[in-house]
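Please open the structure in your viewer and keep the selection tool at hand. This tour tells you what to select at each stop and what is there.

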Amino acid sequence: MKFALIQTKKMVASLILLASFSTFSVLANGEVGEHVNHLTANLKKYEEEVNWLSSKTEGIIAAYQKSGAKAAHAEALMEHWEAVDFHAAIETNYVLIYASIWQGLYGVKDSIDNQSPIENVKVEQVKLEKALWQALGAVKMAAKYQDDGLLTKVKTTVDAPKNSIEALAVIDTNLHSVVAKYAEKLIDTSTNMVHDTYLNLFEGVEGELIALDASLVEDLEKDFNVTLPKAIKEQKSVEQVREIVLAMTQKISKAKALLEKNAKNKKAVF
């Protein structure tokens, strides 16, 4: 229990930054509801939805164990997830765990579709349950930050970054979103997000960065145009795609530090 709490706190450590630069105007599964701006008022409903999802998963697995894969209708797992408001609450506030939920959903579905032993299916069920409850914990902490005025309101339109540092923050968020969409098996969507992020955001900061670290820019260009798209096209595992994205976000953090230092030096001169 203590370990789970520590892990949840670690997850939410970067939540404020991610939410501040959220680029979700419309989710892949539909419009964002106003409930995401009133998390505390909806926490009871979210918890009920998590319990409902758990019971639906249990029912599907029980049907599989009794009557086989065809009778289980494992594809209904995705329909159930998209039917609840909770999916928007976690996607708009902490997209990192959102990807893990989709991994869990497909883990159960694929195990059933492949007619795996029931023990294997239940292992995947545990992973899904863990992701769902971890996500609920993250939303509860996000609700507290929201009540304290530390989270920006989720908007239906997205403001353009005002400078290169803000652009890098949006790029960081977008890259994590790529993993989430890839976990949903939305290959075209995740690929387009990579290309759009490069063309509409990274290219705009390249000139400023080249003067500070040309090799870093070259590395990121390769990541955007070769490494990440290639991994998605070849349908590597979610973990492998996530590793590429984490490496890229570390480079983005380095780039952000360089820009901040450069801006500070300019102020000192003038």
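The stops below go from a pair of helices to several salt bridges.

Before selecting anything, note that this is a predicted model, in which local features need pLDDT of at least 70 and side-chain atom pairs count only at pLDDT 80 or more, while totals for chains, interfaces and linings use all residues. Residues are numbered from 1 along each chain as its sequence is written, and side-chain values use heavy atoms, with hydrogens and water left out.

**First stop: two helices**

Select residues 187-210, which form helix α10, and then residues 214-233, which form helix α11; helices here are DSSP runs of H or I with at least four residues, numbered from the N terminus. Two packed helices are described by the angle between their axes and the distance between the axes. The axes of α10 and α11 come within 10 Å and cross at roughly 175°, where axes are lines fitted to C-alpha atoms over the stretch in contact, and angles run from 0 to 180 degrees between N-to-C directions. The helices α10 and α11 are therefore roughly antiparallel to each other, a term that applies to angles over 145 degrees.

Now show the side chains where the helices meet (contact means heavy atoms within 4.5 Å): the residues of α10 include Ile187, Tyr198 and Phe202, and those of α11 include Val217, Phe224 and Ile232. The residues of this contact divide into 13 nonpolar, five polar and two charged.

**Second stop: salt bridges**

How many salt bridges are there by the rule used here? The count comes to 12, a salt bridge being a side-chain nitrogen of Lys or Arg within 4 Å of a carboxyl oxygen of Asp or Glu.

Select Lys140 and Glu47, whose side chains meet in a salt bridge at 3.7 Å, N to O. This pair links distant parts of the chain, since Lys140 lies in helix α8 (residues 118-147) and Glu47 in helix α3 (residues 39-67), 93 residues apart.

Next, select Glu260 and Lys256, which form a salt bridge at 2.7 Å, N to O, and which both lie in helix α12 (residues 238-269), four residues apart, about one turn of the helix.

**Last stop: a network**

Salt bridges that share partners join Glu91, Lys181 and Glu184 into one network. Select Lys181 and Glu184, whose side chains meet at 3.1 Å, N to O. Are these two residues buried or exposed? Lys181 counts as buried because its relative accessibility is 4%, and Glu184 counts as buried at 5%, where buried means under 20% relative accessible area, with a 1.4 Å probe and protein chains only.

Notes:
Angles under 35 degrees count as roughly parallel, over 145 as roughly antiparallel, 65 to 115 as roughly perpendicular and the rest as oblique. Ala, Val, Leu, Ile, Met, Phe, Trp, Tyr, Cys and Pro count as nonpolar, Asp, Glu, Lys and Arg as charged, and the others, Gly among them, as polar. Buried means under 20% relative accessible area, exposed over 50%, partly exposed in between (1.4 Å probe, protein chains only).
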